[in-house]
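Me: Please take me through this structure in questions and answers. Keep it brisk.

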Amino acid sequence: MLYDIRLNLRYDYDAAAGGGRHQVRVLPPTISGVQRVIAASLSFAPAPSERSDFSDFFGNNVTSIAFRDAHDALDIRMSARVAVSRPEPGLDVSPDIRRLREELDAVRSLSPGSPHHFLAASDHAGIDAAITAYARGSAGSSAVSTAVDLCNRVHRDFTYDGEATTVQTRASDAFDLRRGVCQDFSHIMIAGLRGLGIPAGYVSGFLRTIPPRGKPRLEGADAMHAWVKVWCGRDTGWQEFDPTNGMRASNDHITVGHGRDYSDVAPIVGVLKTTGGQVGEQAVDVIPVVLEKA
Amino acid sequence: MAKGNHRKIRGRPHNLLEHYQPIDGVVDEMVDASGNPRPVWKDFIEALEELGPEKLAQRFARADQYLRDAGVYYRVYDKAGANEREWPLAHVPLLIEEQEWAAISAGLVQRAELFEETIADIYGPNRLVEKGILPAGLIAASPEYLRPVVGTRPASGHFLHFCAFELGRGPDGRWWVLGDRTQAPSGAGFALENRVATTRALSDIYGEMHVHRLAGFFRRFRDALNGMAKVSGGRVAILTPGPLNETYYEHAYIARYLGIMLLEGEDLTVSGGRLMVRTVSGLMPVSVLWRRLDAAFADPLELRPESQIGTPGLVEAIRRGAVSAVNALGSGLMETRAMSAFLPKISRELRNEELLLPSVATWWCGRDTDRDHVLANLDHMVIGPALSTRLAFEDDDCTRLGSALVAGERAELIAQIERGGGDFVGQEAVTLSTTPVYVGGWLEPRPASLRVYLARTPEGWTVMPGGFARVGFSLDPTAIAMQRGGQAADVWVVSDRPVERETLLPQEHDSFTRTLPGSLPSRAAENLTWLGRYIERSEDTVRILRAYHVRLAEASDPDMPLLADIRDYLEPFGIDVATAIPPGLIGTLDSAVYSAGQIRDRFSPDGWLALKDLSKTIHQFATTVAPGDDATRAMTVILRKLAGFSGLLHENMYRFTGWRFLEIGRRLERGIQIARTLARLTRAAAPDGALDMMLEIGDSVMTHRRQYPVQAGRRTVIDLLVLDPLNPRSILFQLERLKAEIALLPAVGEGHMSPAAKEILQLNTAIAIKEPSDMTAKALDDLATEIGGLYNSLAKAYFG
């Protein structure tokens, strides 16, 4: 699938911010076997006094910007054309949890894709006795079947609620609430898998939403999305699941970043010199592109 | 010391060893297995005995007095919150013979080299993980494994520049490494203070024995830091978490001792990829950062986002090679307790060497064989968190002695280890050797550990010949942690030949140029200005209060108009005259102490003690002093102490930019206070006696009597307190001083004069040509506001 993606982040500050520094992670990367970025651009208003681009540990695109002068709003626009083509999931040959641990021990690597980074507790997805107990109900004969079952259960047992949680909410709190948004669903699934000894990470990105039959697609109605990647052993490797929708990541899922949890891939982090509060807005458009036949 | 005096130790009139009973099966540093003093201790004990108990007590009191006078403290966190506590010096040093020290040094240098190579591998090619020598899962789980700096080679070429190691001597007489400090080791400054204090007490003995000096170590490290900075053309700075840190005293002390700028995270900013310090002369590059804060807090953008003490962008500057951190961010990984389990193999792999000084035997329960060994030998083990970076004996919250577990705990711990072995390490339970402390006239043995410091120089690692020993108050070997009330002893490395004497003073052949102090950080300038303002504000308030209480004591009517007027005048400033020592006044002085506390590296110990004494006095007065006569006397005492503090600063502070801001703060505040008080007490409707009182507040009664052959009238009072350029209390005098000092501040922006310089010039000229009759109450109030406005211009130009 080919998409044109537009993202607009806007922050309005109560009191003029006297300079500041941010890191922005919104540019999708090309990922072999998943997606190819054909064109991408990122712009800021007001224009920052400094800007530099680099790749972080997990390979995410980072744009670092700094403002010297006071400003009372920040407007970020990203647009990209991305072609997504994920392989169909094959036959489940993934090991059970005991064998998974042996295969994990045999992975002698700290490269960014190494499963070792994704097993220990992290800030938002700590290992939690209650979540582990919940996840144990999904422990099956293979890593993949365990992930599939947990993904479906989280989708079924938790209520989507945009008001219940914030970006700071941790897995254990969302779990107690039994509600949240894609970020919370993902953190709960990650925490559960880690509790079982299965490495799991956080994927941020975009999702094409398909409008109800007969209704037009509403522009800018979408938001950024998040789902989960699971290490399913030496041969099967990383598989991606979307617990918010109870499905595997498909060609409708466009990846922006990978990390241990939300804090590794937050679209914007930053430190501002301001005394007042700030209000943020987010608008996302994911538009399938139909190329005219030549 | 009486040389050649061969009296026997036993049977002396005061035998210090009479009650000395080492524990069975434990090595004692002072006496051998048969109870005889080891050679290096023999002369030392004789010399102590010669002094006798009275003199010894006096001598040790002298050491304690030194530490109090120097204001040496560390911060303890307990249930009551954070408290400053005096440094607990154990007066008897631990003596170590030179040859033994050479062996310790060699072992630690080898260890430091090994650590350097290990960190470089973990953050670089990762061969140790690839070969299965280090488990990837252990590194990946450690909070000290900092992914944002993976792949970054330090600009200096090295990760480690300053390390400390905690050693203990086991029952077999060998030294073992109990813990490694590679993050931001503390205590080197305390070691130096320990030495100074101990030699205050035992200067003659110290002089006679050939004890290695410490100063050379610090000089070599300072030169190394300066050398690193020279290459990249920036400055060296020490980065502290701030005055609330437990060892802030030491950060300020080292900064002062070595002449290095002491900064907090907010002093720094990153601009154009370089790390800069905000100074009153603008942004200045910093290229070497000796950090005393944990790496995770160094940059809220890429490390812990909740950190309030970091510098956004620091990690980026480090990745670009614009600054060297001492030690490199991520070096704290080597402190991880489980790491000790892998060191012997790493040493063989990387250096083809056995460890000269091994760690306490350690097993990481994430490996099945290790876990089985730990479970089978639980009674001889200390069990703790694998990823902890705390020293085992300091970590009693989570570290358990296997043999001390009761049945239920034991079963629970075993279950935990079987469930998640990777979270635990087992370490052989060690018994520390004992060293003598002086208790009630006798020496008694106490368990001790030894902390040793290493610094990197262009010639390689240099070892501080000494360090400090942590000594227990009881025989419990876990009770040596400072946070739990252990004590610290100096460590003397004793040679049988005279030792080289080194000082920090330049040698004769060194070239000599006088250099002005480096740029003043903006935050320090701001704190100095406020210190000046708060001190002056306290003084002005105290003068008014004294004038008030003198009259109150004599007045038949406490509501007489003048007293009521003063009461109403002070009330909006938060000063309630009904209380002899108003909380508002105490608050002002507390603020002065706070401002001074932010910049302790810029203070002499004398200045700091004078201020603390002032603060103690006023807090005491608050509970004892009554209004009237009593308060008058109290105010006089406070005024005298304020004058003492001001005098210390005025006479002793180097007259450069720092002093200038302090002076500007004072003059600003005095100008404002005099103008305001004058506006009140010289207004047309002012009550009887107001002019005399004004002269008293302005400390100008005698001058007035001499200058003017008439009774105090409005005109003469204004003339003396506003327009007389020779009266140090007049407003014009303050403006002249402000004009002179502001003109000497560093230039800002373009143009010949800064806005503040223009403002003060205009103000000064405007007042200089005034006549007393021009200075109405309104004109005086406006003047106070204008002087206050000067502060804003200065703040904008220099403190931003």
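Reply: One definition comes ahead of the rest: angles under 35 degrees count as roughly parallel, over 145 as roughly antiparallel, 65 to 115 as roughly perpendicular and the rest as oblique. This is a predicted model, where local features need pLDDT of at least 70 and side-chain atom pairs count only at pLDDT 80 or more, while totals for chains, interfaces and linings use all residues. Residues are numbered from 1 along each chain as its sequence is written, and chains are lettered from A and ligands numbered from 1 in the order in which they are written.

Me: How are α13(B) and α15(B) oriented to each other, roughly parallel or roughly antiparallel?
Reply: Axes are lines fitted to C-alpha atoms, for helices over the stretch in contact, and angles run from 0 to 180 degrees between N-to-C directions. Helix α13 (residues 522-554) and helix α15 (residues 583-597) of chain B pack at about 155°, with axes 8 Å apart. The two helices α13(B) and α15(B) are therefore roughly antiparallel.

Me: Which residues of α15(B) make the contact with α13(B)?
Reply: Two residues are in contact if their C-beta atoms, placed from the backbone, lie within 7 Å. From α13(B) come N527(B), W530(B), L531(B), Y534(B), I535(B), R537(B), S538(B) and T541(B). From α15(B) come L585(B), T588(B), L589(B), S591(B), A592(B), S595(B) and A596(B).

Me: How many residues of the contact of α13(B) with α15(B) are nonpolar?
Reply: Ala, Val, Leu, Ile, Met, Phe, Trp, Tyr, Cys and Pro count as nonpolar, Asp, Glu, Lys and Arg as charged, and the others, Gly among them, as polar. In the contact of α13(B) with α15(B), one residue is charged and six are polar. The nonpolar residues number eight.

Me: How many strands does chain B have?
Reply: Helices (H or I, at least four residues) and strands (E, at least two) are DSSP runs, numbered from the N terminus. Chain B has 24 helices. Its strands come to 21.

Me: What percentage of the 800 residues in chain B is buried?
Reply: A residue is buried if 20 or more other C-beta atoms lie within 10 Å of its own, exposed if 12 or fewer, and partly exposed in between, with C-beta atoms placed from the backbone. Chain B has 800 residues, and the buried share is 48%.

Me: Which element gives the largest share of the side of domain 1 of chain B that touches domain 2 of chain B?
Reply: Domain bounds come from an automatic or database domain assignment, and here they give domain 1 (523-653) and domain 2 (655-800) of chain B. In the contact, 23 residues of domain 1 of chain B meet 23 residues of domain 2 of chain B. On the domain 1 side, α13 and α14 (561-570) of chain B each give two or more residues. The largest share, 16 residues, comes from α13(B).

Me: What is the distance between the centres of domain 1 and domain 2 of chain A?
Reply: Chain A is divided into domain 1 (2-84 + 266-288) and domain 2 (97-262). Their C-alpha centres lie apart by 24 Å.

Me: Which element gives the most to the side of domain 1 of chain A that touches domain 2 of chain A?
Reply: The contact joins 22 residues of domain 1 of chain A to 17 residues of domain 2 of chain A. On the domain 1 side, β1 (2-24), β4 (61-84) and β13 (278-288) of chain A give two or more residues. The most, six residues, comes from β13(A).

Me: Which element gives the most to the side of chain B that touches chain A?
Reply: The contact takes 19 residues from chain B and 20 residues from chain A. On the chain B side, α3 (127-130) and α4 (136-141) each supply at least two residues. The top contribution, five residues, is that of α4(B).

Me: Where does P46(A) lie?
Reply: A cis peptide bond joins A45(A) and P46(A), with omega about -5°. P46(A) lies in the loop between β2 (35-45) and β3 (50-55) of chain A.

Me: Is N126(B) buried or partly exposed?
Reply: N126(B) is not a glycine, yet its phi is positive, about 60°. Its place is the loop between α2 (98-122) and α3 of chain B. With 19 other C-beta atoms within 10 Å, N126(B) is partly exposed.
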